[in-house]
Amino acid sequence: MGNFLNVAPTTLLVIGVLMLTALAYVTARRRAMTAAGGDARKLHSLPGYYGYNAAMLTAIPAFFVLVIWLLVQPMLIQNAVIEMIPQDAISDGSSVNLVMSDVRRVANGLTTAVDAGALSADAARDISVTDTDVRGLLADNGVALGSDVNADVLAAAQRYRSMQTTGQWLMIAVIAAVALGGAFVALRATTVDFRARNMVERFVLGLLMIAASLAILTTVGIVFSMLFESINFFKLHPWQDFFLGDTWAPNFRGDSDLSILPLLWGTLYISIIALFVAVPIGLFAAIYLSEYANNKVRALAKPLLEILAGIPTIVYGLFALLTVGPFLVDLFGRGEDGILGVDWMSGATSVLTAGLVMGIMLIPFVSSLSDDIINAVPQSMRDGSFGLGATHSETIRQVVLPAALPGIVGAILLAASRAIGETMIVVLGAGAIARISPNPLEAMTTITTRIVSQLTGDTDFASPETLVAFALGLTLFVLTLGLNVLALYIVRKYREQYE
Amino acid sequence: MKDNVISETDVTTDKIKIAARDVQVYYGDNHAIKDVSVDIQDKTVTAFIGPSGCGKSTFLRCINRMNDTIDICRVQGDILIDGEDIYDSKVDPVQLRAKVGMVFQKPNPFPKSIYDNVAYGPRIHGLARNKAELDDIVERALKRGAIWNEVKDRLHAPGTGLSGGQQQRLCIARAVATEPEVLLMDEPCSALDPIATAQVEELIDELRQSYAVVIVTHSMQQAARVSQKTAFFHLGHLVEYGETDKIFTAPEDPRTESYITGRIG
């Protein structure tokens, strides 16, 4: 609501630029046709390209400037206004930012009051705290303030408003000029020989490059944000304890043992169990589907398997907690009442529970990747093997799988990196006790679950107990990145050899 | 066009190796081979020629029952090898294929070493009692495939690293390693350059000493160069079958004449 007036002129401006863009398209197209004497064959490019070129030159620079302007203007105004607030107006326990948000609220409140007709535009500019109850006035118009408005804040708010208005008009003028200028340049360039088609091509190239670099820059950004927070953590906590210690015992009064090893153990243990479930089942399913199943079975079974991939992981987590866990307790626990009559397992959450369910989650991942890879093995290989009198399974074991092996190893490593990064199943299925133990029936915990628990609830981003989440996250990232790089390396190395 | 010397000196036997009677092949509803009857002699190169889609490859693949691997394919009629019906229910197609080797259009070495490629068949069929015997089989097959000298120093390099012509000769060596009696070749030179083609053709001529060789080819010159018997297929029919000389110089059927003079194809 506060930005309502701010948005309205911007929206109008956007609509205006878009209209101008459409106009530029039509005009440039017509101009190109006129220049060619009505015969499109005389033009270098199809007439539409001249139109697109003009539209591009009108819209892109204008929108570019608009985005930059919208980002920069509030910063400039804030810097100008902040100087008006004396140091002593900032009360104890408060900060410049809090005062600035007060200023913004008052400024927006004044604007609301003017809109509602409770205040004239001139009055809004001239009122002062000495002769008006600004707080009451604003409260009448639905803007509630925490305290009485002090003179400096009011003056700053008034300055803020006036600068904003000026900025807005300036912005409209500049952008209109940029758009018109672009249209004008494009229209002047529209001649019979102008290579509009090539210009449009270059624009498409630029668009694709921006998309690609955005993806990469985001990754870099994520890594750096993790890195800086991790550095903060290591300033507060010794790295020896983090990497080499054997106890995970966060304590929000300080003096915690924050060591990754018990968590890493849990993570790897669960992942390995998951892979023991997922790799054979997924691989065999893939072999059946791609080599033996007829078209009807494949048409039915493949989508069904892929439904597994579409189940949200939290649902798998519930399955682990409510179905698999209690079943395992029946099997391995309860002493005389249990199925096996042993008492090895007490709670439903355990490494085995989480590992089994995570394995089920990974089955479609392994099977659909392996299926694609097996299908990519050329039929001529199978024919060659059949032609030598090999049976179907001999062919699969000795020709198809070795040919597909690098891809399958890649698929398994990708599955492993998913298992290591998986969160919801282990939050619900694995338990919360950090320990290093070889017993798969005990509850353990993983890196991801500890990140969740360190960052939920009230957190103070200056304590090592919170910052450790970033160091954990970074370690996890390095681990999965390493696995992915290894997977790609293996796939590439063997592909060179065999294709 | 015809290499007279070879064909007239070496054809010594008239023994019939493969006898096909009224063979029909259907791909779903498509009747691909119609009433084909042919006698193929042992120790002879028989060429199947004809325009694309005439059924010559399909018929070739009937001889080692490779068509069994295609779901929609049905074969009727009798094909006998040494008087034994290969479509009899007692015959295991897998065993049959060890006896009837096949070389394909595109060289298809397995992603294994040269040695393992050749040893593949003998290992599956348990032809070697020990490593030394297997080494022996591999060496003999590679020599017979006329590629031994080129690969003897790198038997454990991947077979896929060879050139196209070498790969095809490796595949021929792989096929002869299981000691087949019949060698089927489906356009074995179509992916090779002229030099590699010449080498493979020379090899085919040598293989005739030991096997009945059946070769499908699009090149009439090749058929004339390497074969003693030629069968001309057209639209699923076997139009004419006889001495290669005669087919190319005095064909009886007007369709054969049109094809070899280039008017249909």
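## Exercises on a two-chain predicted model

With 21 C-beta neighbours inside 10 Å, B:Glu187 counts as buried (buried means 20 or more other C-beta atoms within 10 Å of the residue's own, exposed 12 or fewer, partly exposed in between, with C-beta atoms placed from the backbone). The model is predicted, so local features need pLDDT of at least 70 and side-chain atom pairs count only at pLDDT 80 or more, while totals for chains, interfaces and linings use all residues. Residues are numbered from 1 along each chain as its sequence is written, and chains are lettered from A and ligands numbered from 1 in the order in which they are written.

**Exercise 1.** Work out whether chain A and chain B are spread out or compact.

*Solution.* Take chain A, with 17 helices and 2 strands. Its radius of gyration is 33 Å, well over the 23 Å that the globule rule gives for 499 residues, so chain A is more spread out than a compact globule. The radius is taken over C-alpha atoms, and the rule is 2.2 Å times the number of residues to the power 0.38. The C-alpha atoms of chain A fill a box of roughly 90 × 75 × 40 Å along the principal axes, and 38% of the residues of chain A count as buried.

Now turn to chain B, which has 11 helices and 10 strands. Here the radius of gyration is 18 Å, close to the 18 Å from the rule for 265 residues, so chain B is as compact as a globular protein of that length. The C-alpha trace of chain B spans about 55 × 45 × 35 Å along its principal axes, and 49% of its residues count as buried.

**Exercise 2.** Describe how H13(A) packs on H14(A).

*Solution.* First, the geometry: helix H13 (residues 379–387) and helix H14 (residues 392–421) of chain A pack at about 155 degrees, with axes 10 Å apart. Axes are lines fitted to C-alpha atoms, for helices over the stretch in contact, and angles run from 0 to 180 degrees between N-to-C directions. The pair is therefore roughly antiparallel (under 35 degrees is roughly parallel, over 145 roughly antiparallel, 65 to 115 roughly perpendicular and the rest oblique).

Then list the residues: A:Met381, A:Arg382, A:Ser385 and A:Phe386 of H13(A) meet A:Thr395, A:Val399, A:Val400 and A:Ala403 of H14(A). Two residues are in contact if their C-beta atoms, placed from the backbone, lie within 7 Å.

**Exercise 3.** How many residues does each chain bring to the contact between chain A and chain B?

*Solution.* Chain B supplies 26 residues and chain A supplies 18 residues. On the side of chain B that touches chain A, helix H3 (93–99), strand E6 (100–103), helix H4 (114–125) and helix H7 (164–176) each give at least two residues.

Conventions: Helix = DSSP H or I, 4+ residues; strand = E, 2+ residues; numbered from the N terminus.
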